[in-house]
Amino acid sequence: SVNAPLTINYVYADGTEAAETYTDSVEIFKDYSVTSPEIEGYTPDIAKVEGTMGDEDMGGKTVTVTYTANTYKVTYVVDGEKLTEMDATFGQSVPRPRTPQRDGYSFKWVDEIPATMPAQDVTINGKFTVIEYTATFVDENGETVEAITFTVETESITEPAVPAKEGYDVKWSAYTLAAADITIPAEYKAREYTAKFVDENGKTVKEVKFTVETVSLDEPAVPEKTNYTGKWEEYTLGAKDITIKPVYTLGSKTVVIKVNLGYKESKKFTFEPKYVPEGATVRVFFNGEDRGEGTSIEVKEPTGSYTVECKVFDKDGNEIASSGEIRVEVKNSFFDRLQWFFSDLLENILKLFTQAAC
C-alpha cells in the first residue's frame with residue numbers, strides 16, 4: 001500500500017483542473033505538504049482527506065488543491081489623510097468610494113484607479129484644488145470698475161475706489177465671498193443740504209432740506225415790507241448749502257408833481273433808499289437819462305418841466321427798487337418869465353448897489 005498511487009487534483013482559478021498521480025506517496029508527503037504550482041494572486045487550499053499524510057493509508061487517495069483569489073487592501077488618501085480603506089479581491093473590479101466634495105474646491109484622483117484589483121495592496125491618492133471666482137465691481141451704469149479674483153480661502157479683498165458722484169455719499173453694496181462669482185454694484189445716497197431763507201436783516205425765516213435730486217423747494221412766504229413787493233432772489237439747487245435773501249420792489253412808482261417852482265428856479269433833490277442789498281448800486285435819472293451813481297441831483301435854472309428819479313440796481317444790473325418818478329412843473333408863461341426877469345434884474349441892481357456902497 002505504500003506504493004499505491006496518490007492523485008492530486010488541482011482546481012485552478014479559472015475553473016480548469018489538472019491531475020497528477022504519484023506512486024511513491026510516502027516520499028511526496030514526507031514533509032507533510034503538497035508542492036502546488038504558484039499562481040500570482042491566488043493561494044492554494046489543500047482539501048482534507050482521511051488518514052494522515054505519510055501513512056500507508058494515503059495510498060490510493062485523491063487530494064484536491066483549490067486556488068482561492070487573495071484579498072488585498074485598497075486605501076484612498078486625500079491630501080495626505082486616509083479617506084477610507086476597503087478589501088478587494090484579486091481580479092475583481094476595484095471598489096470606489098464616493099467622490100469627495102468640498103464647497104469651493106475641485107477634486108481629482110492623482111493616481112489612476114485600476115480597473116481590476118492587482119495582486120498587491122493599492123494606495124490611491126487624491127487632492128482638492130481651490131477654485132478661483134471673480135468679484136466684479138460695477139458703477140451705477142453697470143460698467144465694470146474692476147474685477148478681482150478670490151477663493152473660499154480669501155478673507156478679504158482690496159476694493160477699488162467707488163466712483164464719486166457730486167452730491168452723493170457712495171459705497172459698495174454689501175457682499176459675501178462665497179463659492180460663486182459675484183457682482184458688486186455701487187450704492188449712491190443723495191446728501192442733504194440746507195436752504196436757509198432769511199429776511200433783509202439776515203434773520204432766519206425758514207430752513208428747508210434738499211438734495212441734488214430735489215426739483216423745487218417749499219418756499220416760505222417772503223416777509224412783508226410796506227409799499228414793497230417781495231420775492232426770493234434767484235437761486236440754484238446744487239451740492240452745497242445756500243442762503244436765500246428777499247428782493248423787494250416798490251409796488252408802484254409814486255409821481256410827485258411840483259407845481260410851485262418858478263421859472264429858472266433851481267432845486268436839489270435828495271433821496272434816501274431804504275433797501276440797498278449788498279453789491280447793489282444807487283443811480284439818479286433826469287428826464288429818464290442816467291446821471292450816474294448817487295442819491296441826489298441838483299437841477300439849476302430850469303426853463304421847462306422835467307422829471308427826476310432814483311433807482312436801485314442789483315449786482316447783475318436788474319432794477320429792484322425805485323423812488324418813483326417825480327415830475328416838476330416849471331412855470332414858463334410870458335408873465336412867469338417877465339416876473340423872473342424883473343426879479344433877476346432887481347437882484348443884480350441890489351448887488352451893484354451893495355458893491356458901490358462898500
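Hi everyone, let's start with a charge: lysine 267 lies over the face of phenylalanine 269, at 5.7 Å from the ring centre. By that I mean NZ of Lys or CZ of Arg within 6 Å of the ring centre and within 35 degrees of the ring normal. Arginine 102 does likewise over the face of tyrosine 105, at 5.2 Å from the ring centre.

A quick word on what you're looking at. This is a predicted model, where local features need pLDDT of at least 70 and side-chain atom pairs count only at pLDDT 80 or more, while totals for chains, interfaces and linings use all residues. Residues are numbered from 1 along each chain as its sequence is written, and side-chain values use heavy atoms, with hydrogens and water left out.

Now, the rings. How many aromatic pairs does the structure hold? There are 15, counting rings of Phe, Tyr and Trp (its six-membered ring) with centres within 6.5 Å; planes under 30 degrees apart are stacked, over 60 edge-to-face, and the rest tilted. One of them is phenylalanine 137 with tyrosine 175, edge-to-face at 6.0 Å centre to centre and 90° between the planes. That pair links distant parts of the chain, 38 residues apart: phenylalanine 137 is in strand β9 (residues 133–138), and tyrosine 175 is in the loop between β11 and β12. Strands here are DSSP runs of E, at least two residues, numbered from the N terminus. Phenylalanine 137 is buried at 0% relative accessibility, whereas tyrosine 175 is partly exposed at 27%. The cut-offs are under 20% relative accessible area for buried, over 50% for exposed and partly exposed in between, with a 1.4 Å probe and protein chains only.

There is a cluster too: Tyr76, Tyr105, Phe107, Trp109 and Phe128.

On to strand β23, residues 306–313. Why call this strand largely enclosed by the rest of the structure? Because 8 of its 8 residues are buried. Tyr306, Val308, Cys310 and Val312 point one way, and Thr307, Glu309, Lys311 and Phe313 the other. In a regular strand, side chains alternate between the two faces of the sheet.

And its partners? Strand pairing takes at least two DSSP bridges. β20 pairs with β23 in the antiparallel sense over 6 bridges, with arginine 283 partnered by lysine 311. β25 runs antiparallel to β23 with 3 bridges, and tyrosine 306 stands opposite valine 328 there. β24 is also antiparallel to β23, joined by 3 bridges, with valine 312 partnered by alanine 321. In that β23–β24 hairpin, with 5 residues between the strands, glycine 317 takes a positive phi near 90°.

How values were computed:
Helices (H or I, at least four residues) and strands (E, at least two) are DSSP runs, numbered from the N terminus.
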